[in-house]
Every structure is written in C-alpha cells, then in structure tokens.
Amino acid sequence: MTATLVGAEYGPAFAELRAERKARVLAAMERDGVDALILGRSGNGKYVAGHRDLWRAVLGGFGPMVVLVRSTGGIHLAASTWDDGIPAEIPHENLTGLTWNPREAVSGLVRAEGLSDCNRIAADGMSPGIAGLLDMLAPGVELVDGEALMREVRRVKTPAEIEVMRTGIGIAEGCLAAAVERIAPGVSEREVQAAFMDAMASSYAVTIPAFAGIFRVAGDLPPLPGASGRVVSDGDSFVISAAVMYAGYEAAVVRTWVPGQPAEEPAALTELVAACRPGCLPSQLAAFAGDQPQPGPVVVGLGMGVEPPVAGGPADLTGFANEPLEAGMVLGLQLWSGGVLSGCMVQVRDGEPVRLTPPRTAP
Amino acid sequence: MSLAIEYAEKADARLANGRLDLVRMRRDRHAKLLAQLADRHLDAILLITSGNVLYASGMRLPAVDGGRAVHQRTAVLVVAGERYPHIFTSWPELAPGELPPDHVHPPLWPDNEAGVADLVRRVGDLVPADAVVGVDDSTFAMHVGLPRLAPGWQLKSATPLLVAARLHKTEDEVECMWRAWLINEAANAAAEELVRPGVRLTELVGTYYRRLYELGATCNFLDPVFQVMPSRIADGPWSTNGDVPFALITTDQVVGAGDVIWTDTVMGYEGYSSDVGRTWFVDRPTATQRSLYEQWSDITQAVLDAMKPGVSGAELCALATELNGGRKPWLDHYFLGHTLGLEGGEQQRFGSDLGPEADEKLILEPGMAVVIEPITWADGECGYRCEELVIITDDGAERVSSYPDTPFL
C-alpha cells in the first residue's frame with residue numbers, strides 16, 4: 001500500500017488548521033498584552049508557522065526560529081533558505097536563510113516588521129546575548145515567558161487537530177502491524193525496529209520517528225529504550241512502544257505481542273483510560289502504576305510533540321503533574337504491569353474519555 | 001557481490017573488531033572536561049543541550065524529536081575535580097555502569113519557577129554557594145530564575161569549553177565514527193540498489209532506515225534526504241540566495257528517467273555521526289555530467305591530499321576555488337567543509353558565511369574529524385556532490401569514506 005499523505009500537509013484543510021492555531025495564539029497574546037512571540041522550540045514554532053523543516057534529532061541551545069508580531073500578524077522564519085515546506089501565507093520577504101554566523105542568525109529577527117515597537121515580548125528560551133540585542137532594538141522591552149503562553153494555547157486540541165492526530169495514529173498502527181509481523185524466533189530486536197521504520201517511510205511516506213522507540217524481548221524488568229541484537233526465542237513475548245510524526249503531530253503506539261495469544265488489553269489500562277476526566281490530576285493517573293517500576297512516564301500530553309503534563313515513572317515531578325486535566329487535552333498513556341506494556345492515546349472531554357487508539361480485543 | 005552486501009560485510013567486520021572500549025572513551029572525555037574546567041577556572045558546568053549531554057554523561061540516550069526532547073531532558077553536572085559526572089535523567093537505567101549510584105538523580109524540569117527552584121536546591125547540594133557555573137543553554141525560566149534563586153552563582157557560558165573538549169577525537173571516538181560511517185554507507189548502498197524509474201523517494205528512505213537498524217545503528221539524527229535535483233536552479237523552489245536548492249525534505253515523488261538524486265544522511269553509533277552524501281544517476285550520465293564528476297573528483301582529491309596538521313580552512317577554500325576556475329565549488333548556504341562528531345556537524349566550518357577570517361583561524365590539528373562536501377554544477381545538466389570524511393593524523397589524514405563513484409569507475 002502506498003498512500004500519498006505528504007502533499008496533504010499543504011492542502012486546504014491544513015491551511016484552515018494553521019489559521020485556527022494562529023488565531024488562538026494571537027488571542028492569547030492580546031489577553032496577556034504580549035506584542036511579539038519569539039520561539040526557538042520546534043513544537044511551539046510549528047504550532048505558529050505550520051512549516052516543515054529538515055528534521056534533526058538534536059536539542060540545541062535557544063535560537064529564535066519563528067517570530068510572530070501581533071500588530072502585523074506577520075510570521076517570520078529563520079533558517080529557511082527555500083520556500084519548500086513553507087506555508088503559502090508566509091511571504092518570501094519573511095524568510096531568512098540558513099546561516100552559521102551568530103550575527104546573521106538574529107538579522108531576520110531584527111528585520112521583523114513591528115518588533116522594534118514592542119513593549120512586551122514573550123520568548124520560549126533566552127540567552128544573555130539575545131536579551132541584550134532585544135533591549136537595544138526596543139529599549140526597555142519587557143521579556144516574559146513564552147513557553148508558558150504556548151503551553152496553555154497548545155493544551156486543548158481543536159477538532160481539526162484531533163483529526164490529524166487520528167491520521168497519525170492510523171499510520172503508526174500500520175507501522176506497528178508491520179513490526180509485529182516480523183516477530184518470530186530467530187529474528188533480532190533490531191530487525192523488528194527496522195521493519196517499523198521501513199513501513200513508516202515506504203508505505204506511508206512519513207520519514208520522521210518521534211523517538212527511537214522500544215523494541216525489546218519482554219523480561220521481568222521494564223524494557224529499556226531502543227533495540228539490541230538479542231534474538232527472539234520460542235515462547236518470548238515482545239514489547240513495542242513507538243511513535244511517528246505526521247504533519248507535525250506525534251502519534252504513539254504501544255503493544256506487547258504474546259505468542260499464540262490474542263492481544264487483550266490489560267484491565268489496568270482500561271481503568272486508567274476511564275480515569276482520564278476533567279479535574280483529575282496527572283499525578284493521580286501516574287498512581288495507577290502502583291509500586292511497579294515503569295519504563296517511562298505513565299502519562300504525557302501529546303500534540304506537536306510531547307506537552308506537559310509528563311507524570312509517572314522516573315519522570316514524576318511536581319509542577320505540572322498537579323495541574324488538573326481539562327476537556328480537549330490529548331494524553332498518551334503507557335503502563336508496565338505483569339510483564340506486559342500497554343498503552344493508548346486518549347482525548348479528555350466532558351464525560352467519557354474518547355479513545356483515539358482503537359482498543360485491541362481480538363487477535 | 002552487490003555493493004550493499006559488500007558494505008554490510010565491511011560494517012559487520014568493523015563492529016566485531018573488538019577495538020572499542022566505551023568505559024575508556026567515557027573516562028577520557030571526562031578527563032578532558034575536568035582539564036577544561038581547571039584551565040577556565042570554573043567550579044562546575046551544567047549542561048542541558050543534547051550533544052553536550054551525550055558527551056559528558058556517556059549515556060546512550062535515545063535520539064528524539066525536539067518537541068519531545070524538551071520535556072524529557074537529561075541534564076549533566078560536571079563538578080571540578082570529581083571523578084564522575086552527576087546525571088539528572090528519566091532514564092536512570094541508561095546511566096553508565098561505572099557511575100556511583102549517588103551520581104544518578106531524578107530528572108530536572110527547569111520549565112517553570114518551581115522547577116528552577118528545584119534545580120537550584122539539588123545542584124546547590126553539589127556545588128559551593130559561590131560557585132562559578134558554566135551553562136550551555138537556558139530555558140526562559142532559568143534565564144529569569146537562576147540569577148534570583150542562586151544569587152551566589154557566577155554564571156558563564158559553557159559552550160566554548162565543550163567546543164574545545166569535543167574537537168579532538170580519542171581513539172575510541174574515531175572507532176565509533178568509523179562504525180557509523182560504514183553502517184551509513186551500507187544503508188545508502190541498499191537504497192541505491194532500488195533506484196530506477198517508478199520508485200518513490202520515500203521508499204529509498206524506508207530501505208535506508210531498515211538497513212541502518214538491522215546493521216546496528218544506535219540512532220538517526222536527520223530526516224534522510226533523497227532529493228531528485230532540478231537540472232536548472234530556476235526549476236527548483238524559490239530561495240533566499242539563488243543557489244542550488246539542496247537539501248530539501250524528502251517527498252514521495254516518483255523517480256523518473258534521467259533523474260539525478262543527491263543524498264544527505266546523518267545517523268549515529270554511540271552518538272557519533274556519519275554524514276554520507278552521494279550523487280546517483282537513474283540513467284547513464286551525459287557527457288557534461290561525466291565532466292562535472294571529473295571536475296568534482298579533481299577538486300576533492302586535491303583538497304583531501306592537502307589536509308594535514310597546520311593547514312588552514314582558508315588554504316583549502318583557496319585551493320578548491322582555484323581548481324574550479326575561480327568560483328567556489330560549494331553551496332552558498334553551506335560550506336566547503338566542517339568538523340564532525342556527536343549528532344552531526346560540529347562547530348568548525350570553512351567556506352561558510354562566517355567569512356574568511358574564521359577560515360584562516362581554523363587550523364587542522366591531529367584528532368579532528370573533517371567532512372568536505374564540494375559540488376560542481378552546470379545549469380541545465382545538474383551537478384555532482386558527495387561528502388568525504390577524513391580524520392587528521394600526526395602527519396596527514398586517514399580517509400574514512402570509501403563509497404564508490406558509480407558509474408564512473
């Protein structure tokens with residue numbers, strides 16, 4: 001099967017989605033009196049601009065990639081030598097090319113129309129150098145936390161975002177099926193991972209994994225990230241946790257393959273899903289793991305990448321784990337229990353939560 | 001034997017050579033960091049960007065999308081004079097085995113005031129209240145919160161220190177880079193075998209990925225680029241600089257007769273990158289394309305021959321430009337060459353928009369890993385571009401890349 005999904009990212013439905021996201025960001029800026037947003041984090045930047053850049057699995061230092069000025073509504077992009085992957089509503093004059101020169105790196109920022117008139121700028125990172133430059137550009141400018149602003153805007157998903165995420169989940173499920181099909185005695189963990197990655201690009205034209213994933217023969221301890229040369233033996237169960245990026249959105253799948261058995265969903269996961277209601281605290285969801293050590297967080301927010309909350313497992317932290325859930329959030333759940341890793345994606349709403357990942361009840 | 005099989009066997013043999021000692025590699029890197037801390041009079045460095053974290057922690061951290069990575073950070077604290085780093089991570093099981101248990105801590109989450117206060121408290125237990133602390137990046141909450149919550153700390157940039165430590169590769173780092181390069185060449189060879197009219201570019205990516213992981217790659221760092229090149233610059237997408245539009249995002253475009261494909265692929269072995277870029281012809285190259293290859297080959301060979309300790313980036317740029325009839329034979333938005341290490345290109349580049357002064361200051365030294373990427377181009381006939389890696393030795397350079405220039409051999 002070969003689906004043509006890449007081009008759809010630039011079609012009319014996506015133009016509406018981008019306009020809707022931008023309107024929400026502008027409304028939040030107006031409410032908070034923020035005149036401009038300066039974003040360096042990829043999820044935040046893509047939420048505002050909707051561009052596709054050449055993906056790198058590298059978390060570098062803060063650098064302004066996307067600037068949005070409220071007075072003009074103009075979106076300015078750095079490191080964009082081409083208009084390939086750039087939405088049509090962003091004009092060429094708002095693009096600044098790739099540069100290796102720190103002075104040039106901020107030149108596009110300085111040129112952004114209206115930036116020098118700003119009194120309050122929100123940024124999702126900062127360095128002393130860029131703070132100094134902004135102060136020269138707009139003397140007395142007040143800098144505020146743009147990550148907090150974006151976190152709040154991104155938290156609740158629009159129906160269109162949910163539709164995109166459903167497409168992503170369909171792709172991830174297809175990749176999962178290809179990987180499961182590869183599991184057999186004599187096959188290595190790496191070969192199963194390879195099957196997932198091959199299907200992602202060859203069958204679905206998606207080339208970006210959200211992370212390296214877990215592809216492991218199941219054991220007594222929670223599985224480690226990645227894959228090894230270990231070979232599947234007769235009777236082994238196999239654990240897969242992986243995700244793809246479709247149109248900027250992350251779609252995750254989790255499954256334990258038990259030989260000769262239907263992939264029934266553990267009762268613990270069913271209960272965890274049912275608990276995902278407005279007002280519930282992420283820390284309460286994390287508590288479903290009990291004393292069982294976990295291979296990763298039990299609950300993460302999902303959207304354009306991972307979003308807070310991230311709770312449970314070794315990542316259990318205060319701060320965001322105690323902010324109540326609200327309707328419209330999408331969560332990725334993952335639970336290790338009794339040698340089985342299970343999980344799914346869930347949309348929180350008033351009343352029953354909606355499972356975005358189809359439940360598995362039959363072989 | 002097919003090229004894909006030949007290169008897979010080379011990669012397998014390299015991985016089985018028994019020459020890589022990861023404990024020694026981590027110890028050597030830590031010693032370099034301690035020496036840098038002493039030279040620069042820093043009490044500690046706190047690192048949160050992924051390449052520096054890989055280097056200082058010695059963990060085999062999963063390569064992840066940036067939108068996920070910011071919320072699942074691993075951070076490292078290196079304290080002057082201490083034998084091991086402190087790691088703050090949600091993957092404690094990935095910590096190197098030699099690390100004492102009290103050096104592995106729950107993760108930091110410095111994304112709001114409470115998280116920064118928690119950072120100050122926990123790092124404060126490990127460094128003096130008046131410490132000089134190098135940081136390699138700040139979240140917004142750190143930028144605002146650290147001066148207020150840790151008023152005794154004198155904050156400096158840790159970046160120059162890390163750039164210096166990472167520049168010269170140890171024997172084990174070089175071994176990782178060899179392995180990464182061979183796996184990458186083998187995966188490229190498997191993809192090249194699929195090239196024919198009717199194949200989709202994303203199918204090349206699929207086969208490339210499959211072979212990477214089958215052969216033992218530990219991660220991938222770049223959305224693999226398999227691009228059908230426009231034959232004329234004007235046919236490509238609009239650009240800010242009017243140069244050849246490369247490297248673009250791979251699409252599901254169907255390859256046609258006469259197409260020329262350029263590749264750019266960056267993957268890792270124990271975090272160390274390869275950066276394989278090739279030019280493939282769907283049909284027999286034209287006479288002009290052959291001469292573009294020959295011109296590229298002359299330039300590449302001359303630059304490779306000139307690479308040895310003491311030679312500057314400016315000299316290499318001048319040599320390449322002279323052999324190309326006075327025009328620079330590299331892409332305007334990139335460079336003639338760059339250093340390579342963890343996660344891909346490192347900080348040193350020659351021929352970039354940093355300008356000639358930077359090229360003059362860049363002097364090759366033993367232990368540097370340097371990739372060159374010349375191109376030749378004739379508008380209407382496309383062009384030729386490949387990337388070649390050398391490790392600078394005491395008296396010359398050891399070439400790592402060996403992908404054949406099919407179909408010109």
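**Exercise 1. Which strands of chain B form a hairpin with two residues between them, and which residue in the turn has a positive phi?**

*Solution.* Keep in mind that this is a predicted model.

Step 1. Find the two strands: strand 12 and strand 13 of chain B make the hairpin. Strand 12 covers residues 337–341, and strand 13 covers residues 344–350.

Step 2. Look at the turn. E343(B) sits there, with a positive phi of about 70°.

Step 3. Check the pairing. The two strands run antiparallel and are joined by four bridges. One pair to locate on screen is L340(B), whose bridge partner in strand 13 of chain B is G345(B).

**Exercise 2. Work out why strand 13 of chain B is described as largely enclosed by the rest of the structure.**

*Solution.* Step 1. Recall the cut-off: a residue is buried if 20 or more other C-beta atoms lie within 10 Å of its own.

Step 1. Apply it along the strand. Six of the seven residues of strand 13 of chain B are buried, so the rest of the structure largely encloses this strand.

**Exercise 3. Decide whether the radius of gyration of chain B agrees with that of a compact globule.**

*Solution.* Step 1. For 409 residues, a compact globule would have a radius of gyration near 22 Å.

Step 1. Chain B comes to 23 Å, which agrees with that expectation.

Step 2. For the outline, the C-alpha trace of chain B spans about 70 × 45 × 45 Å along its principal axes. Its secondary structure consists of twelve helices and 18 strands.

Step 3. Now take the contacts in chain B with a separation of 6 or more: 69% of them link residues 24 or more positions apart.

**Exercise 4. Describe the side of chain B that touches chain A.**

*Solution.* Step 1. Start with the totals: 71 residues of chain B are in contact with 70 residues of chain A.

Step 1. Assign them to elements. Helix 9 of chain B gives the most, with nine residues.

Step 2. Sort by class: this side has 29 nonpolar, 27 polar and 15 charged residues.

**Exercise 5. Trace the largest nonpolar core.**

*Solution.* Step 1. This core has 240 residues, and L37(A), A172(A), V244(A) and A186(B) have the most contacts inside it.

Step 1. Helix 8 (residues 171–192) of chain B gives the most to this core, with twelve residues.

Step 2. Zoom in on L37(A): among the residues it touches are V25(A), M29(A), V48(A) and A122(A).

Notes. Residues numbered from 1 in each chain as written. Chains lettered and ligands numbered in written order. Predicted model: local features only at pLDDT ≥ 70, side-chain atom pairs only at ≥ 80, totals over all residues. Rg over C-alpha atoms; globule rule 2.2 N^0.38 Å. Contact = placed C-beta atoms within 7 Å. Buried ≥ 20, exposed ≤ 12 C-beta atoms within 10 Å, placed from the backbone. Pairing = 2+ DSSP bridges. Nonpolar A, V, L, I, M, F, W, Y, C, P; charged D, E, K, R; others polar. Core = buried A, V, L, I, M, F, W, Y, C linked by C-beta atoms within 7 Å. Lists of a residue's contacts leave out its neighbours within four places in sequence.
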